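User: Can you walk me through this structure? I'd like to start with one residue and go on from there.

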Amino acid sequence: MTPQHVVVGVDGTLTAVRALDWAAQEAARRRVTLRVVHAVADRDEAGPVLASAAARIRAHHPGLPVVTASPEGGAVEALVRESDGAVLTVVGNRGLGGFTGLLFGSVSLRLAAHARSPLLVVRGDHRCDDDREVLLGLGSDADGDAAAYAFQEAERRGARLRVLHSWSHRHVTPEMPSPVPTSPGQRELAQRDATEAAVPRFALTELREKHPAVGVDTRTVRTGPARALLEATREAGVVVIGAHRRADHLGPRLGPVVRTLLHRSHCPVVVVPTG
């Protein structure tokens, strides 16, 4: 069954209010219900926070369907459960009350690593209704789900999509000067350049055809992906990145690029589960 709601975690803080506004905008774009969640040990404590959040949404988005929920238990666990039936889950980058420290340290990584639908972390100071471009961090064709989300987001916003593909050269053994214009090492490097530059073109061909109205700019850079994406977030309205989860004895873990963006991005971050 197709998800028909956006979930947002609130706790009564100003940061949560901003996440609430973003979530409402996202629900309005998709024409789905907004589900406002406040996880606390005692459900009686959730009433005022949820009532205030619902009143704000009805005042700013009078036609948007809103429901509230106060699941018991920890905030991360509650939001992971809620994400299972959501088209998008939205949270702020810091919080108090039931969401204390929600997006710092291990707690933030747990939520991004376990969410069962795309997770939007509201960072930076951009307005949720601006016309900035959508930024996609593309590693390989394994990022198909993230790429599909980015195209859909650009289409919903009426914005351009900027695709940034980054790679780092593996070590190439230095060669002695040669009268031959192109040495084996230089030819290998050029071949790698051509292969990496082709990744966005082949990975996005089908999506370009499916979303012909979306303008797409692609760029392949040799710097590290975390550094390149972080700099690009200064001008983006939102950055989309795939969550490549690696399991260890502590559970699913995220890669360094996602961790960097969650902690330092200049714009909101959407983490899309892969696979």
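**Contacts, burial and cores**

Analyst: Leaving out residues up to four places away in sequence, Thr260 touches Ala226, Leu230 and Ser265. Contact means heavy atoms within 4.5 Å. This is a predicted model: local features need pLDDT of at least 70, side-chain atom pairs count only at pLDDT 80 or more, and totals for chains, interfaces and linings use all residues. Residues are numbered from 1 along each chain as its sequence is written, and side-chain values use heavy atoms, with hydrogens and water left out.

User: Which helix does Thr260 lie in?

Analyst: Helix 8, residues 256-264. Helices are DSSP runs (H or I, at least four residues), numbered from the N terminus.

User: Why does Thr260 count as buried?

Analyst: Because its relative accessibility is 18%. Buried means under 20% relative accessible area, with a 1.4 Å probe and protein chains only.

User: New topic. Which residues touch the most other members of the largest nonpolar core?

Analyst: Val8, Leu34, Val36, Val90, Leu136, Leu161 and Val240, out of 46 residues. Helix 1 (residues 14-30) gives the most to this core, with 7 residues. A nonpolar core is a set of buried Ala, Val, Leu, Ile, Met, Phe, Trp, Tyr and Cys residues joined through side-chain atoms within 4.5 Å.

User: What is Leu136 in contact with?

Analyst: Setting aside neighbours within four places in sequence, its contacts include Ala146, Ala147, Ala150 and Leu161.

User: Which residues are buried in helix 5?

Analyst: Ala146, Ala147, Tyr149, Ala150, Phe151, Glu153, Ala154 and Arg157.

User: And what comes just after helix 5?

Analyst: Gly158, with a positive phi of about 65 degrees.

Methods. Buried means under 20% relative accessible area, exposed over 50%, partly exposed in between (1.4 Å probe, protein chains only). Helices (H or I, at least four residues) and strands (E, at least two) are DSSP runs, numbered from the N terminus.
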